[in-house]
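Dear colleague,

I am passing on to you the structure that we talked about, and below it you will find my notes on what turned up in it. Please keep it open beside the text as you read.

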Amino acid sequence: MAALCESFTLCGLGPSGGVGLGGGLLALEPGPDPDHVLLTDRGRTATLFKVSDQKPLGCWSVKHGQIITCPVVCNFETHEYIAVHDDKVLRIWKNEDTNLDKVFKATLSADVYRIHSLPNGGPVVLFKGGGVRTLDVLLEAPQQEIEKVISDEVIKWSEAFMEGQRLVLIFATEKDGDFFVYVQKLKMNTLHKYKLEQQELSKPMSFTAYIKNQIITLLCLYSNDSVYKVSIPLQQNTEEEEQILSKSLLLNLSLSGSILKGTSFVVLDKDHIAVLGSLAASGEESKECLTIWNTKFQTLQTSKELPLGTSGQLWCYEEKFFFTHGKVLTVVMYKCETSSLAAAVGKLKDSQATDMSSFVNWSTLGDEELVVSFQSQQSVALKSESRMTLRSKRNTVAKVQPDTLSVGQHLLNLKDASTTVFEDELRQLMSKAQMPDLQATIGCVITALINRCKTNPQYYPRNFLLQIVQTRDLSYSLCPDLMAVALEKKDVHLLQICLQRFPDIPEEITYACLKVFLSISEAYLQRIDVNLESVICYIDIEFNNKEVKSEIVENGFNTELEQDIWDTKVTKETHLMTEGEFCPVGPQKAALLNAVLHSAYSETFLLPHLKNLPAQQAVLFLRYLYYLYVKCSEKINTTLPGIHSPTINQIMDWMCLLLDAHFTVMVMLPEAKELLSDLHKFVRAQVRFYSELNKIEGSLRELQRLNRQKDSQIYSIEVLELI
């Protein structure tokens with residue numbers, strides 16, 4: 001039996017989706033960890049994602065004008081990444097590398113078709129002419145001549161396997177409508193060529209293969225809506241130059257008058273395959289869908305409609321499907337069980353359920369769906385119990401079952417309850433929840449609260465939500481609508497706590513928080529509760545408040561400053577602030593901005609949003625960053641005191657990011673020119689200071705060595721000349 005389970009969005013596609021895959025997705029490859037995948041777009045960028053958190057871990061791009069021409073792969077032995085751009089230029093880098101111009105580069109003598117990397121076999125390079133080299137051999141002499149195995153043939157597909165200690169590469173080519181299959185055994189350096197048996201009025205559109213017991217099983221999806229099977233033994237004694245491969249029908253993709261026009265497919269196990277395509281019935285409009293078929297009993301096991309359309313590409317890793325759906329990359333989990341006739345015809349009861357609580361997108365569940373979700377999760381333990389006839393055992397199960405269903409039932413029953421009863425019952429649900437269902441319970445409780453906020457705009461349980469976030473280990477992916485509602489309500493304290501505690505906040509939400517923090521007036525912030533732990537040790541709150549209201553003498557007259565933070569007049573106070581002497585924001589706003597500085601982000605995904613920050617807010621933020629920079633530089637260890645205080649690296653990174661996003665605008669703004677000038681002078685002075693320190697570094701080391709050599713016990717005066 002096979003079934004499709006939970007689905008979620010890994011990332012958006014296109015310029016506004018976060019990954020920048022405007023040209024489409026070239027390939028998806030496994031990353032260094034089972035929970036990681038490598039995405040390569042049809043342009044310049046490769047991105048490493050953590051699937052369970054839906055969070056990018058790294059992003060690398062080649063220069064403008066260069067194009068990545070084959071999928072980026074991971075070398076599992078060295079934990080390095082390998083890419084080829086412009087067909088012949090090989091790049092190798094590690095996680096900590098950020099600039100691909102500065103990583104290892106080798107220009108090859110022939111065009112590369114694809115690189116395959118296996119956990120136990122190392123990377124192997126397949127060239128467009130059919131030549132094959134392991135990466136180690138290739139790096140010994142990058143300009144070595146690569147033989148041309150195929151002539152006038154175009155490679156359509158390739159795959160690599162490990163058979164024992166041997167690495168086997170198989171690839172399919174096409175020439176004038178004829179299809180050929182090549183099998184290369186690298187260590188033995190043997191190459192066998194085969195010709196696929198022709199099929200009248202149809203041709204293969206997609207290939208996949210697996211190896212077992214010295215036999216390669218090649219599956220071909222043909223344009224006549226059928227899947228054919230070809231067996232290729234690895235042990236070949238014949239010296240024939242070209243053999244004809246006969247094929248047998250494995251599966252006909254038709255069901256009750258409907259035909260599936262498949263575009264790509266993958267093998268799940270010996271009895272199941274998944275096919276992505278369009279299901280068309282006579283007289284009806286075709287619908288794109290993902291399907292799982294049982295090849296043993298020729299039945300369709302399950303399907304999922306994809307109304308937003310796909311690119312026709314399908315990948316499968318770690319019991320998860322990956323495919324584009326509309327403008328997002330979607331992940332669908334599945335499960336396969338031992339094939340039986342009862343399962344194939346849908347008569348077998350589900351004997352086990354997979355725990356998917358960590359991937360459930362609670363924001364998409366309605367009240368009834370929450371009940372079903374909890375029933376399916378909580379029934380795992382009961383269904384896996386063996387059926388016992390003892391009365392005591394039956395009584396135990398009978399007692400447990402109502403409790404396990406109480407969460408979902410309560411959520412449904414509390415839909416119309418009063419506010420007091422509603423919140424009290426939710427608190428009791430959380431207090432009674434036990435592992436491993438605690439996170440699922442909390443996720444559903446937050447969803448229930450958010451749903452009530454949406455249906456009743458007057459209702460907003462601020463204290464209850466704060467209590468949950470402060471006392472529970474949550475993440476953004478568990479309750480994605482929470483921060484959206486907090487932004488709508490301008491609940492800056494809740495946003496501050498979320499920024500400090502959530503490890504997986506999208507860059508779009510981080511930017512939205514920054515914009516809200518900068519736009520709220522100081523007067524409003526002084527009336528609300530904000531955690532000041534990160535600023536109380538280096539900003540004098542009493543002095544700072546007086547500072548905002550202070551008077552300055554100008555031409556013998558006292559002028560009173562306006563309290564509006566958006567006043568654009570260039571006064572002497574703003575001049576003092578640009579020198580980094582005074583904090584340009586109040587302590588409440590400083591604490592909120594510090595929470596943003598602590599939030600994790602990817603520069604590639606944050607920069608497009610940061611460019612939309614209004615110029616006035618960008619200048620204010622830069623002033624605050626400059627103030628922090630000066631404060632850090634006053635300390636010997638360049639560390640600000642306090643809890644959750646920003647580090648010098650975070651300050652510098654955000655300063656550079658903000659200047660990258662707004663430098664042209666800031667140069668044109670009168671109130672920003674002096675700020676940029678002061679910042680430039682301060683940085684230049686620091687560079688000179690450290691340069692002078694570097695000059696005497698050798699002399700200081702020599703002095704330290706001399707002091708260790710002689711330990712004088714008597715009073716003496718020594719003169720050391722530093723040259």
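Y228 has a relative accessibility of 10%, and because buried means under 20%, this residue counts as buried.

Because F321 lies in strand β28 (residues 320-325) and Y334 in strand β29, the pair ties together parts that are 13 residues apart in sequence. F321 is buried at 0% relative accessibility, and Y334 is buried with a relative accessible area of 7%. T330, in strand β29 (residues 328-336), is also buried, at 8% relative accessibility, and once its neighbours within four places in sequence are set aside, T330 is in contact with F8, F321, F322, F323 and H325.

In the whole structure, a search finds 14 aromatic pairs. There is also an aromatic cluster formed by W60, Y81 and W93, and elsewhere the charged end of K193 sits over the ring of F180, 4.8 Å from its centre.

To return to the surroundings of Y228, which residues does C220 touch, not counting those up to four places away in sequence? They are L196, P204, S206, F207, S226, V227, Y228 and F265. C220 is found in strand β18 (residues 215-222) and is buried, at 0% relative accessibility. Although C220 and F265 are 45 residues apart along the chain, their C-alpha atoms are separated by 9.1 Å.

Turning to a sheet, you can find an open one of three strands in the order β10-β11-β12, with antiparallel pairing. Its edges are β10 (112-118) and β12 (132-134), and because each has a single partner strand, one side of each is left without a neighbour in the sheet. From one strand to the next, the twist averages 20°. Six bridges join β10 to β11 (residues 122-127), and the bridge partner of L118 in β11 is G122.

Among the helices, α10 (residues 492-501) is largely enclosed by the rest of the structure, because eight of its ten residues are buried. The buried ones are V492, H493, L494, L495, Q496, I497, C498 and L499, and their cover includes α8 (462-471), α9 (480-489), α11 (507-519), α12 (522-525) and α15 (587-598).

Finally, a word on confidence: the protein averages a pLDDT of 78, and 76% of the residues score at least 70. Over residues 347-405 the pLDDT stays under 50, and for this stretch the model has 78 contacts beyond four places in sequence. Residues 541-579 also have a pLDDT below 50, with 62 contacts in the model beyond near neighbours in sequence. Where pLDDT is low, the predicted coordinates should not be read in detail.

With best wishes

Terms used
Residues numbered from 1 in each chain as written. Predicted model: local features only at pLDDT ≥ 70, side-chain atom pairs only at ≥ 80, totals over all residues. Heavy atoms only, no water. Helix = DSSP H or I, 4+ residues; strand = E, 2+ residues; numbered from the N terminus. Buried < 20%, exposed > 50% of the residue type's maximum accessible area, 1.4 Å probe, protein only. Contact = heavy atoms within 4.5 Å. Pairing = 2+ DSSP bridges. Axes fitted to C-alpha atoms, helices over the stretch in contact; angles between N-to-C directions. pLDDT = per-residue confidence, 0-100. Phe/Tyr/Trp six-rings, centres within 6.5 Å; stacked < 30°, edge-to-face > 60°. Lys NZ or Arg CZ within 6 Å of the ring centre and 35° of its normal.
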